[in-house]
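Subject: Structure handover

Hello,

The structure is below, followed by notes on what was found in it. Please read the two side by side.

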Amino acid sequence: MSRAANDLGSAGLEVEYADMSGCEIAASDIVKLTHDKLSTEEVSASVVCPSCGAVSLFIGITRNSFEGKKVVELEYEAYIPMAQSEMKKICLDVRQKWPSVKHISIHHRLGVVPVAEASVIIAISSPHRSESLEAVKYCIDTLKATVPIWKKEIYETEDYSWKENKECRWAESRQK
Amino acid sequence: LVQVLVLYFAKSAELAEVRSENITVPHQVTSLQLWEELVRKHPRLAAIRDQVVLAVHQEYVSLGDELLILHPGDEVAVIPPLSGG
């Protein structure tokens with residue numbers, strides 16, 4: 001299958017941290033952009049750790065309608081190297097705000113994502129639940145504001161629109 | 001003058017009708033001047049003037065007086081409002 005020159009197919013970055021907690025496995029950040037269907041099982045398994053009592057998960061799913069219009073599919077594109085670096089920055093922020101967080105895994109799908117399929121899955125593990133629950137919310141909120149990924153909503157009528165996250169500082173809904 | 005690579009994404013790629021191109025600009029230029037050069041080449045880009053930022057060296061830069069120091073082969077991206085997640 002041929003792909004455009006700036007298409008990475010599946011691009012992953014893994015960063016490991018020196019672990020201060022005495023636990024055997026070093027904390028890691030996994031950031032992945034892929035055209036493949038996302039797997040909740042794979043993302044959650046990537047953050048499981050015996051010392052962690054909690055794994056919190058967020059799954060973003062293509063909805064079937066927007067303002068009464070029937071959505072057929074979403075199509076995502078990304079400025080891939082910058083999307084990876086911005087997602088890594090989010091991981092660093094998470095670790096500053098919630099130092100007990102163990103592993104972070106962010107997977108975002110690119111290309112066509114049919115209705116009812118996942119476009120993004122975030123999983124975070126921590127010893128206790130409140131940190132990973134809060135960190136997952138922070139991750140998705142910040143991703144929507146800062147990561148250079150765009151989606152086109154394609155309607156049943158074959159018309160489409162480029163969506164704008166309200167979290168994005170330069171979106172139209174934020175202009176005075 | 002230096003040659004830099006401009007990348008267009010999402011709506012901006014549709015308006016410019018191109019995904020990437022090389023342009024020649026002064027080594028030091030404001031973000032607004034850089035944007036104006038892109039609009040000169042692709043006038044339809046003017047439609048998104050109020051909802052766009054640039055990414056230079058993979059950092060977001062608003063359109064304005066911020067002075068950019070560009071080197072040959074640098075990448076500048078046109079960034080419409082984000083919609084990841």
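In chain A, helix H2 (residues 80-97) packs against helix H3 (residues 129-146) at an angle of about 145 degrees, their axes 10 Å apart. Axes are lines fitted to C-alpha atoms, for helices over the stretch in contact, and angles run from 0 to 180 degrees between N-to-C directions. Helices (H or I, at least four residues) and strands (E, at least two) are DSSP runs, numbered from the N terminus.

This is a predicted model, in which local features need pLDDT of at least 70 and side-chain atom pairs count only at pLDDT 80 or more, while totals for chains, interfaces and linings use all residues. Residues are numbered from 1 along each chain as written, chains are lettered from A and ligands numbered from 1 in the order written, and side-chain values use heavy atoms, leaving out hydrogens and water.

Next, the aromatic rings. Over all chains, the whole structure has four aromatic pairs (rings of Phe, Tyr and Trp, the last by its six-membered ring, with centres within 6.5 Å; planes under 30 degrees apart are stacked, over 60 edge-to-face, the rest tilted). A:Trp170 and B:Tyr60 make a tilted pair, 5.1 Å centre to centre with 55 degrees between the planes. A:Trp170 lies in the segment after strand S10 (160-162) of chain A and B:Tyr60 in strand S5 (residues 59-61) of chain B, so this pair joins two chains. Ring pairs also link A:Tyr79, A:Trp150 and B:Phe9 into a cluster.

Regards
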